[in-house]
Amino acid sequence: MKFLTDMHTHTSFSPDAENRAEDMLAMAQKKGLAFYGISDHFEFDCDILRMPKEEVLGYLSLNEEEYFHALRHLQEDYEGVMNVAVGAEIGYTEDAKIRGRYELICEKYHPDFVINSVHGVAGMDFAFQTFEEDKRTVYGAYLALVRKSLDVSYPYDVVGHLGYIARYVPFEDKSFAGFENDIDDILTAIIQKGKILEVNTAVKGLKQATLPNEDILKRYFALGGRMVSLGSDAHNTQRIAEGRERAVQVLKEIGFTHVTVPFKGEYIKAEL
Ligand SMILES: [Zn+2]
Ligand SMILES: [Zn+2]
């Protein structure tokens, strides 16, 4: 079956998102989405001292109890109208205590899907970092972190925006050329673990249609990877499903025939 999906979006439960869940859902319905995934940020190790004040307040205000309570109600409201998945985007942390807390949250609230993302190191998002080391060091460390993130003990379905760091580095060539071995290790692990590789369309100024870029998607396909999900990473109503057509084009040219929608433990296939 062919239907529209967007399985990575945020609501004002995330400190960096602009619109309330009610408004995001209304717009998603208007845009004709059949499956819509909400995946607000779980980033309990952010370095509050190095973040802008309003973001600190935002992060402190995310309360898992309130979040799941509010969104489960909205999910019910949309029953029979649009398949709303109440998920979580969990930012990988090296802090084992915080990872333990994520595990408890997953056990208690059973998110409909979980995106496993790497946003930064030592609690600070790459968006706020200055990169003084060379590309080999910076990208090498990033990819090592991504590889580690795949082994977390909490359940997850999707590997979020592989290559995210490229949005923020000062290097002229932001590609991962020269890091083929690290990329292969990551892609092979994703395939072996039966996880979904996200195709994220929030490319923020990068000269590519998707995160990960086309080269990485081609390699994933060549290695046998077939499970991809589409996500706009919308932080406001305008961006819902944005960049979808271009991404679909890229995927089709590589040979992908469908996207995989993680929904309440089931992996549903939607034709591209
Ligand atoms: Zn993210
Ligand atoms: Zn996100």
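**Exercise 1. The packing of α1 and α3**

Task: Determine how α1 and α3 are oriented to each other.

Solution. Helix α1 comprises residues 21-30 and helix α3 residues 64-77; helices (H or I, at least four residues) and strands (E, at least two) are DSSP runs, numbered from the N terminus. This is a predicted model, in which local features need pLDDT of at least 70 and side-chain atom pairs count only at pLDDT 80 or more, while totals for chains, interfaces and linings use all residues. Residues are numbered from 1 along each chain as its sequence is written, and chains are lettered from A and ligands numbered from 1 in the order in which they are written.

Step 1. Two packed helices are described by the angle between their axes and the distance between the axes. Axes are lines fitted to C-alpha atoms, for helices over the stretch in contact, and angles run from 0 to 180 degrees between N-to-C directions. The axes of α1 and α3 cross at roughly 30° and come within 11 Å.

Step 2. Angles under 35 degrees count as roughly parallel, over 145 as roughly antiparallel, 65 to 115 as roughly perpendicular and the rest as oblique. Helices α1 and α3 are therefore roughly parallel to each other.

Step 3. The crossing of α1 past α3 is right-handed (the near helix is turned clockwise from the far one by less than a right angle; anticlockwise gives a left-handed crossing).

Step 4. From α1, the residues A21, E22 and L25 meet A70, L71 and L74 of α3. This contact of α1 with α3 divides into 5 nonpolar residues, no polar and 1 charged. In this classification Ala, Val, Leu, Ile, Met, Phe, Trp, Tyr, Cys and Pro count as nonpolar, Asp, Glu, Lys and Arg as charged, and the others, Gly among them, as polar.

**Exercise 2. The surroundings of L71**

Task: State whether L71 is buried or exposed, and which residues it touches.

Solution. Step 1. A residue is buried if 20 or more other C-beta atoms lie within 10 Å of its own, exposed if 12 or fewer, and partly exposed in between, with C-beta atoms placed from the backbone. L71, in helix α3, has 23 C-beta neighbours inside 10 Å and so counts as buried.

Step 2. Two residues are in contact if their C-beta atoms, placed from the backbone, lie within 7 Å. Not counting residues up to four places away in sequence, L71 touches A21, I38 and V86.

Step 3. I38 is 33 residues from L71 in sequence, yet their C-alpha atoms are 8.7 Å apart in space.

**Exercise 3. The packing of α5 and α6**

Task: Describe how α5 passes α6 and which residues of the two helices meet.

Solution. Step 1. Helix α5 (residues 135-149) packs against helix α6 (residues 180-192) at an angle of about 15°, and the axes are 10 Å apart. The two helices, α5 and α6, are therefore roughly parallel to each other.

Step 2. The crossing of α5 past α6 is left-handed.

Step 3. L143, V146 and R147 of α5 meet D182, D185, I186 and A189 of α6. By class, this contact of α5 with α6 holds 4 nonpolar, no polar and 3 charged residues.

Step 4. F179 is located in the loop between β7 and α6. With 18 other C-beta atoms within 10 Å, F179 is partly exposed. Its contacts, leaving aside neighbours within four places in sequence, are Y139 and L143. The C-alpha atoms of F179 and L143 are separated by 8.7 Å, although the two residues are 36 apart along the chain.

**Exercise 4. Backbone exceptions**

Task: Locate the cis peptide bond and the loops that hold H161 and A241.

Solution. Step 1. Most residues other than glycine have a negative phi, and most peptide bonds are trans.

Step 2. L211 and P212 are joined by a cis peptide bond with omega about 0°. P212 belongs to the loop between β8 (196-200) and α7 (214-222).

Step 3. H161 has a positive phi near 20°. This residue, H161, lies in the loop between β7 (158-159) and α6 and is buried, with 26 other C-beta atoms within 10 Å.

Step 4. A241 has a positive phi of about 65°. The loop that holds A241 runs between β9 (228-231) and α8 (244-254). A241 counts as buried, with 21 C-beta neighbours inside 10 Å.
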